2 protein chains.
Amino acid sequence: MTNIDQSNQIISLDRISDICGVSIGTVSKALSGKPGVRSTTRQRILSVAERYRYRPNRLVHAIQRGKSMTVGLTCRNFGDEFGGRIMSGMLEVLFHAKYDPIVISWELSVNEGVRALRSLTERRVDGILMFPPAELPTDPYLEELRIFNGPIVVVDQMWPGCRYDFYGSQDAEGADVVTEHLIKLGHRKIAHIQLSNVSTGQSRLDGFQRAMIRHGIAIHEKWLPGIEHYGSDEPYKIARELLSSPDRPTAIVAFNDPVAMQVLAAAHDLGLRVPQDLSVTGFGDLDVTRHLRPMLTTVAQNPMAIGRKAAERLLQQIEANSTAPGHPVSSPLQELLPVEVIVRQSTGPISR
Amino acid sequence: MTNIDQSNQIISLDRISDICGVSIGTVSKALSGKPGVRSTTRQRILSVAERYRYRPNRLVHAIQRGKSMTVGLTCRNFGDEFGGRIMSGMLEVLFHAKYDPIVISWELSVNEGVRALRSLTERRVDGILMFPPAELPTDPYLEELRIFNGPIVVVDQMWPGCRYDFYGSQDAEGADVVTEHLIKLGHRKIAHIQLSNVSTGQSRLDGFQRAMIRHGIAIHEKWLPGIEHYGSDEPYKIARELLSSPDRPTAIVAFNDPVAMQVLAAAHDLGLRVPQDLSVTGFGDLDVTRHLRPMLTTVAQNPMAIGRKAAERLLQQIEANSTAPGHPVSSPLQELLPVEVIVRQSTGPISR
DNA sequence: TCATACTTGGAAAGTACTTTCGTAAATTTT
DNA sequence: AAAATTTACGAAAGTACTTTCCAAGTATGA
């Protein structure tokens, strides 16, 4: 046996053709099941390939076909349950379509982010699934995104002037309905802790205000505090300040479940009982809402479906792009998936 | 201008050489800053490359150098805060070393998992960072892992017979010390909710038992319930059953913070006050521990450092592998990062 | 036995580069 | 102005394949 080099390199067609005494072309045909190879020859090649653990080099396929079967995934942070579910949905669809994700993170400076994105272009990913950062994408970033000329699908968060396909949640409706839920319970002094500078924050604020205005309830500017840095304990401080005032709100609509959790902590620390003294709502319906006491009234989103739909759409676009190149100038699609208010223990009728 | 084809394909060296009227080789040298090109020619090529937004094809580099500058990342699930931090640490190191991660998920059947892993081999990733699943890897999986002959580094969770480099936490020590903390507070009736079938679960159980035995405290089998399916509400049910008994434990050492959170919920639902009636400890020191009321006494791990160290080690191995091929048969490294008990409000002296 | 048809395998081109080597052109020296 | 030296550029090979086309080789029918 001439197995000099079975050390640690993966064997190539070249080596197999040497070992079997046939040409590279024949080995290729044999392994890919193409006709034109005698069955005895094919068997011989197959068994050698098996013995030497041949694995085709997909980088070569990628170059030849002009299609890498990879997609870029720009993801905010990994520890986030909501974002994690979106990614799970994406990965499920990608996997079954035999695409692999190259992941880049937003936990980078602007320059680094641009480099990461450029890397996706240089690796010739067939498309990009974009989970935008809490901050707006910067100009150099958007420019690099334009240079990448494959399809792009954005999820969860938009930015002004974004011309890409988008999948998100009915944030405004969710905030509207959950606010209405509080109003129907008799609440009038309702605060909303919003997330500044992002589209979901703006939409939820809009929905909140819509419900308040519809019911003719005054909106106090001081009861619309905004979180500047997501991921800190700012929500706790904001809630504590809101609730420390003698004229405190009787209900708080929090931007999302993690924020609501910090509101619950602040209420607890101030000796306020939920829901007797204060009603609290979240957004997202994460697992945590069911493990908190009181269990959290919240707006259920469907992050898995967002991820799945976004990935499916991206694959469609890739398909369309490769069969008929040249931009398929259909105007960007925007789908907002329905949400549902889940009433649990953290909201109750107002008590005076 | 002969820009017939600037439609949507990224321009190639070939096209640039056409446009500039020089050979491909010259373009290559000009763009990569190699000598042997007149500065006027270089400028001309550079400006054309800039105008047409040239981006080198890294797939070609990968084939030529036999090094793809990618690593595989097998990750359990994305929504998990602990896992997310490990991944953040990994990504940080990989990014700065100009490696990109191809992520595959464990939320797959056995066959699918093997296919995902095979895909990594076929894409010629230079190494694999492995965050093992809650279940043990199956034989076909381990076999596919062997076929991939680059370096592999495992984090957090081991499996029997694993011969790869490993970075984890001092699970046994953490459980030991936090149990001792409870014992010093006067507790004798201490239960441990363990996670069955995984190495961290076993280590924490070992540590728990070590502390108990050292202090001559009897260990009741019924107070060592195991979670079979991580990610469900099984911990809640287990805690509720433990605490419903007339002869209930006065302290519970939970496998980790999410489990401890469910224990707190069960205690709350049974009218038990924490820490007056029951002390609870977690493991991990996730953000959630600070937002719970009472705040959770826990064992702080350092997942970012685990991720960083694992990635650094992997890159070392890749480097060593490419300079001196043939397995560097050093016996596998195992580093367990220190942990620290963080005492908060969920543990207190026993009250009778 | 010879012509025809079919089967089998090989050579070569193409993918997007890098790198080496050789040669022509430009520049400097005599 | 001719020779020597330096510089600039191109041709070609190599990377690991797929695919097409072509030339043998084999089997079949007259």
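**The interface between chain A and chain B**

Between chain B and chain A, 30 residue pairs, both at pLDDT 80 or more, are in polar contact (a pair of N or O atoms within 3.5 Å, where within protein one must be able to donate a hydrogen and the other to accept it, and residues adjacent in sequence count only if both atoms are side-chain atoms). This is a predicted model, in which local features need pLDDT of at least 70, side-chain atom pairs count only at pLDDT 80 or more, and totals for chains, interfaces and linings use all residues. Residues are numbered from 1 along each chain as its sequence is written, chains are lettered from A in the order in which they are written, and side-chain values use heavy atoms, with hydrogens and water left out.

The side of chain B that touches chain A divides into 23 nonpolar, 20 polar and 19 charged residues, with Gly counted among the polar and Asp, Glu, Lys and Arg as the charged ones. The rule finds 10 salt bridges across the interface (a side-chain nitrogen of Lys or Arg within 4 Å of a carboxyl oxygen of Asp or Glu). A salt bridge joins A:Glu143 to B:Arg53, with their closest N and O atoms 3.1 Å apart.

How are the two chains related?
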